[in-house]
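Please read the following report alongside the sequence and the model. It asks how the model is built and where it can be read with confidence.

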Amino acid sequence: MHRILSSLLLLAALSSTAASGRASDASAAPPGAVSPISAVLADRDGDSMPDSKGGFARVRGTVTIPPDVVHDRNFQAYIQDDSGGISLFHWD
């Protein structure tokens, strides 16, 4: 299950990056560096969108998957650390 979840998280991050073509401050971190979730969600320019939107960031935290939400076409999970949390989802 860990391998599947890691693959889904990586796929979600890569899809987001490819769709926007934009890099983020979090992606400027050294390869392999772990960013706190609060840094990934930071909105320093005040436009109500995370400054790292569309970029790639490596985070580490606890993943929660609600029962009955992993299907062939739909996925929902949450990852949180001591600084914040992110909802991950894909609906087809």
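## Basis and confidence

This is a predicted model, in which local features need pLDDT of at least 70 and side-chain atom pairs count only at pLDDT 80 or more, whereas totals for chains, interfaces and linings use all residues. Residues are numbered from 1 along each chain as its sequence is written, and side-chain values use heavy atoms, with hydrogens and water left out.

The protein chain has a mean pLDDT (the predictor's confidence in each residue, from 0 to 100) of 75, and 66% of its residues reach 70 or more. Among the elements of the chain (helices being DSSP runs of H or I with at least four residues, strands runs of E with at least two, numbered from the N terminus), helix α1, residues 2–20, has the lowest mean pLDDT, 45, while α2 has the highest, 94. Over residues 10–24 the pLDDT is below 50, and this stretch has 18 contacts (heavy atoms within 4.5 Å) in the model beyond near neighbours in sequence. Where pLDDT is low, the predicted coordinates should not be read in detail.

## The sheet

Three strands form an open sheet in the order β1-β2-β3, with antiparallel pairing (two strands pair if DSSP finds at least two bridges between them). The edge strands are β1 and β3 (84–91), each of which pairs on one side only.

Asp81 stands opposite Gly84 in β3, and Asn74 has Trp91 of β3 as its bridge partner.

Leaving aside neighbours within four places in sequence, Ile79 is in contact with residues including Ile37, Val59, Val63, Ile86 and Leu88.

## Gln76, a buried residue in β2

Gln76 is placed in strand β2, residues 74–81, and because its relative accessibility is 17%, Gln76 counts as buried (under 20% relative accessible area, with exposed meaning over 50% and partly exposed in between, for a 1.4 Å probe and protein chains only). The side chain of Gln76 makes a polar contact of 2.5 Å with the side chain of Tyr78; such a contact is a pair of N or O atoms within 3.5 Å, and within protein one must be able to donate a hydrogen and the other to accept it, while residues adjacent in sequence count only if both atoms are side-chain atoms. Not counting residues up to four places away in sequence, Gln76 touches Ile65, Pro66, Val69, Leu88, Phe89 and Trp91.

## Ala39 and Ser48

Ala39 lies in helix α2, residues 37–40, and counts as partly exposed because its relative accessibility is 39%. Ser48 lies in the loop between α2 and β1 (62–64), and at 65% relative accessibility Ser48 counts as exposed. Although Ser48 is not a glycine, it has a positive phi of about 65°.
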